[in-house]
Amino acid sequence: HTPHLAHPHQAPKMAKIGEGDERWIVADREDGTNVNSWHWQEKDAFEWSRERFADLIGAIEFEDGGVRCRCTGVTALTGEAYVNRRKGKIICGYELDLKIGYEGTILDGDKTVTGNVHFPYIADENAGEEHEAKVLAAGEGPDDRKVKEIMRLVALPKMAEGVAKFEKELAKGGPGGEGADPNEAKNAPGSKPSAREDFRDKKPGDVQSNAEKERESRTDKTAPLSQKSHTIRITERFYCRPRDVCDALMDGQRVMHFSRSPAQVRPEPGPFMMFDGNIHGETLEYVPGEKIVQNWRFRNWKEGHFSKVTITFREPETGNCFVDLVQTNVPETDAFDNETVMDTTEVGWKQQIFERIRQVFGYGA
């Protein structure tokens, strides 16, 4: 039996910059199911990557040559990391620029110096290879140079081991441990329960009821996605004025420009639609540069179900804008009981709206 695909002659693919995203251009299907993970699913692994780098190499400590060195955590991480699944196959991708802070204390004299270890390009195309790394001292004195050399000789090999472990974990599925060896992933934080352990297969007489289990935080949707109480919370930074972001979100021509799809949006209360009708709802309140409130839904959600989106804007310094989004009443499943709604919605906001606004209008960091 051949699974039903919306575009039988076109293989699903991950969107590139400047292209539409098929996950947000939702085609009508007969049953909407995702049998054997045939259809493309994507999970953002960027924040998970930050946490793993902090755990694997951000806390290294050692003493050597009269110097006590320790890494002080992730000081900068840019780029992208994601995990895709199709027909049971895991495909990960990442291009990351990483900086790990360090401090070194000269034991004879108790002087402390600082710096960063810079990995400018950790990418899937170089997986399994030794990644370029530079030790960047904050100062130029003799103590700085001494600590820098010890970090280069002692810390870098330890860090390389951590990066290699990160790559292996991501190749096994990253967030949630999907694809990892069952014995290794069984008790891992955030790992997805097997089908036999999932609450959907429990009977009414089991120790923990379905309702009780469902109230717990979802374990198959891990960081950076917010799961509890069906609420999504996102904070994004733009280098522009709040009104600029408002115009990008509420002016129909600008929405069509960054989304590359038909849209009907007006900067006033009333109905709206984006992504050729796959997102639609009603703007309830609009205060330019300050606040947007909308009833909001995907077309493939259960009939009549709307979430509520509230977007507010902060500008602590002129041209330094923070956008805070809270989306409540997001459903656990769509109309066909597919359980990817939380992931798809939050990743869509981040990648298909906010990131595209940065790229298209030049508001990026």
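This text walks through a predicted model, from the whole chain down to single residues.

The protein chain holds seven helices and twelve strands. It has 365 residues, and buried residues make up 43% of them. Consider the contacts between residues at least 6 apart in sequence. Of these, 59% join residues at least 24 apart.

Start with the open sheet. Its six strands follow the order S7-S12-S11-S10-S9-S8, and the pairing is antiparallel. Strand S7, residues 232-238, and strand S8, residues 270-274, stand at the edges. Each has a single partner strand, so one side of each is left without a neighbour in the sheet. From one strand to the next, the twist averages 25°.

Two helices pack on this sheet. Helix H5 covers residues 242-250 and touches S7, S9, S10, S11 and S12. The direction of H5 makes about 155° with that of S11. Helix H7 spans residues 341-361 and touches S7, S8, S10, S11 and S12. The direction of H7 makes about 15° with that of S7.

Now follow the pairings across the sheet. S7 pairs with S12 in the antiparallel sense, over seven bridges. Here arginine 233 stands opposite valine 326 in S12. S12 also pairs with S11, again antiparallel, over eight bridges. In that pairing, phenylalanine 313 has valine 323 of S12 as its bridge partner. S11 and S12 form a hairpin with two residues between them. Glycine 319 sits in the turn, with a positive phi of about 85°. How much of S12 is covered? Seven of its nine residues are buried, so the label "mostly covered" rests on the cut-off of under 20% relative accessible area. Six bridges join S10, residues 291-298, to S11, residues 307-317, and the two run antiparallel.

Most residues other than glycine have a negative phi. Aspartate 276 has a positive phi of about 60°, although it is not a glycine. Aspartate 276 lies in the loop between S8 and S9. Its relative accessible area is 44%, which makes aspartate 276 partly exposed. Asparagine 329 also has a positive phi, near 60°, and is a residue other than glycine. Asparagine 329 lies in the loop between S12 and H7. With a relative accessible area of 43%, asparagine 329 is partly exposed.

Next, turn to a pair of helices. Helix H1, residues 46-56, crosses helix H2, residues 142-171, at roughly 145°. Their axes come within 9 Å. The crossing is right-handed. Which residues make the contact? H1 contributes Trp48, Ser49, Arg52, Phe53 and Leu56. H2 contributes Gly162, Val163, Lys165, Phe166, Glu169 and Leu170. By type, the contact residues divide into six nonpolar, two polar and three charged.

Phe46, Trp48, Ser49, Arg52, Phe53 and Leu56 are buried in H1. Why do these residues fall on the same side of H1? They cover an arc of only 150° around the axis, which puts them there. An α-helix has 3.6 residues a turn, so residues three or four places apart point the same way.

Lysine 43 lies in strand S1, residues 41-44. Is lysine 43 buried or exposed? At 6% relative accessibility, lysine 43 counts as buried, because the cut-off is under 20%. Lysine 43 and arginine 85 are 42 residues apart in sequence. In space, their C-alpha atoms are 8.6 Å apart.

Valine 117 is found in strand S5, residues 111-123. Its relative accessibility is 0%, so valine 117 counts as buried. What does valine 117 touch? Not counting residues up to four places away in sequence, its contacts are Leu98, Lys99, Ile100, Tyr102, Lys134, Val135, Met151, Leu156 and Met159. One of these, leucine 156, is 39 residues away along the chain. The C-alpha atoms of valine 117 and leucine 156 are separated by 8.3 Å.

Methods: Residues are numbered from 1 along each chain as its sequence is written. This is a predicted model: local features need pLDDT of at least 70, side-chain atom pairs count only at pLDDT 80 or more; totals for chains, interfaces and linings use all residues. Side-chain values use heavy atoms; hydrogens and water are left out. Two strands pair if DSSP finds at least two bridges between them. Helices (H or I, at least four residues) and strands (E, at least two) are DSSP runs, numbered from the N terminus. Axes are lines fitted to C-alpha atoms, for helices over the stretch in contact, and angles run from 0 to 180 degrees between N-to-C directions. Contact means heavy atoms within 4.5 Å. A crossing is left-handed if the near helix is turned anticlockwise from the far one by less than a right angle, and right-handed if clockwise. Ala, Val, Leu, Ile, Met, Phe, Trp, Tyr, Cys and Pro count as nonpolar, Asp, Glu, Lys and Arg as charged, and the others, Gly among them, as polar. Buried means under 20% relative accessible area, exposed over 50%, partly exposed in between (1.4 Å probe, protein chains only). The arc is that of the directions from the helix axis to the C-beta atoms.
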